[in-house]
Amino acid sequence: MCQRCDGVALDRKVKINNKTSYVITEFYASNTGTENWEEDILGSDVLASGSSVMINIDDGSGYCKYDFLAVFDDGDQLVSANNNVCELAEFDFTE
C-alpha cells in the first residue's frame, strides 16, 4: 500500500479499542511524514477501560501511515508507529 495515496478516496476510519485497565485521557494520530503530534482527538472526552471509539484518522494529507500516541490516566504513554489506517479497521491498545 502506498505511503501517500493522492486522489484515492480511502476509508481512514479506525475503531480504537482500549483493552487496558486504564483510562485513555488523550489520543493522537499523526502521519509518519510529520515530526509533531496533531491535536488530541478525544478532546474533552476520555476512552474508558474496555471501551471503543470510531475515529476518522484523515488530516487531508493523503497519507495512509500514521503513528498513534495514547496518554493514560496514570501518566503513562504508549506509541504505536507506522499504522496503515487505509487498511486497518481496528486497533487495540493493550497492556
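**Exercise 1. Find which residues Thr-20 touches, leaving aside those up to four places away in sequence, and then describe its setting.**

Solution. Begin with the contacts in this predicted model: with residues up to four places away in sequence left out, Thr-20 touches Ser-49, Gly-50, Phe-72, Phe-93, Thr-94 and Glu-95.

**Exercise 2. Decide whether Thr-20 is buried or exposed.**

Solution. The relative accessibility of Thr-20 is 6%, and the term buried applies under 20%. Thr-20 therefore counts as buried.

**Exercise 3. Locate the disulfide of this structure and work out its handedness.**

Solution. First, a search of the whole structure gives one disulfide, and the cysteines that form it are Cys-64 and Cys-86, whose sulfur atoms are 2.0 Å apart. Second, the torsion about the S-S bond of Cys-64 and Cys-86 is about -85°, and the disulfide is therefore left-handed. Third, consider what the bond joins: because Cys-64 sits in the loop between β3 (52-56) and β4 (65-72), while Cys-86 sits in the loop between β5 (77-84) and β6 (90-94), the pair ties together parts that are 22 residues apart in sequence.

**Exercise 4. Classify Cys-64 and Cys-86 as buried or exposed.**

Solution. Cys-64 has a relative accessibility of 0% and so counts as buried. Cys-86, with a relative accessible area of 15%, is buried.

Notes
Residues are numbered from 1 along each chain as its sequence is written. This is a predicted model: local features need pLDDT of at least 70, side-chain atom pairs count only at pLDDT 80 or more; totals for chains, interfaces and linings use all residues. Side-chain values use heavy atoms; hydrogens and water are left out. Buried means under 20% relative accessible area, exposed over 50%, partly exposed in between (1.4 Å probe, protein chains only). Contact means heavy atoms within 4.5 Å. A disulfide is a pair of cysteine sulfur atoms within 2.5 Å. Helices (H or I, at least four residues) and strands (E, at least two) are DSSP runs, numbered from the N terminus.
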